[in-house]
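Subject: Structure handover

Hello,

Please find the structure below. My notes on it follow.

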Amino acid sequence: MNFKSLPQLLDYFREESTCIEYYEQIRWNGNVVCPHCNSENPYKTKRGHRCSNKDCKKDFTVKVGTIFENSKIPLRTWFAAIFLATNHKKGISSVQLASDLGITQKTAWFVLHRIREMLKDKAPKMIGTTNMVEIDEAYLGGREKNKHFGKQRSNENPDLRNDGTPYQPKKMVVGFVERGGDIIVKHVARATKEEILPLLGKHVAKGSEVHTDESIIYNKVGRTFTHKTVVHSASQYVVGNCHTNTIENFWSQLKRGINGIYHHVSEKHLERYLDEYANRYNTRKLSSQERFELFLEQSESRLTYNDLVC
Ligand SMILES: [Zn+2]
């Protein structure tokens, strides 16, 4: 099997049984495990597997305990959705996915959130072990002057918009990127030392060379790291090898995606979107198929519709 494009993927996964066999191989690697009690050696039934542990004896399929659980959509459609969502550089909207796959927008919305659950950063990453690290912050949320009048912040009541709905302040995010390596992006309440430095300690290896702009947020970074700055306010963008261009390129990609494709991202779902973009960036050197397989390996999850909407 080898697929580089969506038609090739759909061609290979024409039968649901092919999808199931393939996914069983990815998830269990030949050693089927009961998702209810973790016991091994279940036996095959017509519709899947049955646990041989006499206290359990439950029936299950490979979808139980994964993002595909309780979904009526065939795996073939899910696989196509994963392929599309992880291959589009700027992401894909639920409207677009619905029309590409012939499903309703509500279903597409749920599918995309479950895919994001799969892309979620599950283990804290450490960067900066080989190369320089760039750090920067950014605000997300479109420009006020580009919004329709009703969506703009009210002059009379700064808590509301002109149409009377609550005003959503811009969301602050901070990113750490190792040049040639991985990125980590986090939502923070405010751009302050107190918020950002602990994250730096958690994700960047001690002694790394760290590049930032001149913001006072970073004035204690030199205590733990080799710290170099560029003074953006003095139109200084690259000094020797010191710059923050890698992270700034990522921000423009992220903003174009979030403002152009998703339009609005609520506080509740923001981390998911950030992880989605970070994951796409971190797998940029993989082929479409390698990326697809890597993500499928991370598809165990129990996110329900209620978790998403409540
Ligand atoms: Zn069991």
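The crossing of helices H3 and H9 is right-handed, a crossing being left-handed if the near helix is turned anticlockwise from the far one by less than a right angle, and right-handed if clockwise. This is a predicted model, in which local features need pLDDT of at least 70 and side-chain atom pairs count only at pLDDT 80 or more, while totals for chains, interfaces and linings use all residues. Residues are numbered from 1 along each chain as its sequence is written.

On the H3 side the contact involves Ile82, Phe83, Thr86 and Asn87, and on the H9 side Ser288, Arg291, Phe292 and Phe295 (contact: C-beta atoms, placed from the backbone, within 7 Å). By class this gives 4 nonpolar, 3 polar and 1 charged residues (nonpolar: Ala, Val, Leu, Ile, Met, Phe, Trp, Tyr, Cys and Pro; charged: Asp, Glu, Lys and Arg; polar: the others, Gly among them).

The axes of H3 (residues 75–87) and H9 (residues 288–296) come within 10 Å and cross at roughly 115° (axes are lines fitted to C-alpha atoms, for helices over the stretch in contact; angles run from 0 to 180 degrees between N-to-C directions). Helices (H or I, at least four residues) and strands (E, at least two) are DSSP runs, numbered from the N terminus.

There is also an open sheet of 3 strands, ordered E1-E2-E3, with antiparallel pairing (strands pair if DSSP finds at least two bridges between them). E2 (residues 49–50) pairs with E3 over 2 bridges, and His49 has Phe60 of E3 as its bridge partner.

The domain assignment, automatic or from a database, gives domain 1 (6–122 + 289–309) and domain 2 (133–265). Their C-alpha centres lie 34 Å apart.

Regards

Technical notes. Two residues are in contact if their C-beta atoms, placed from the backbone, lie within 7 Å.
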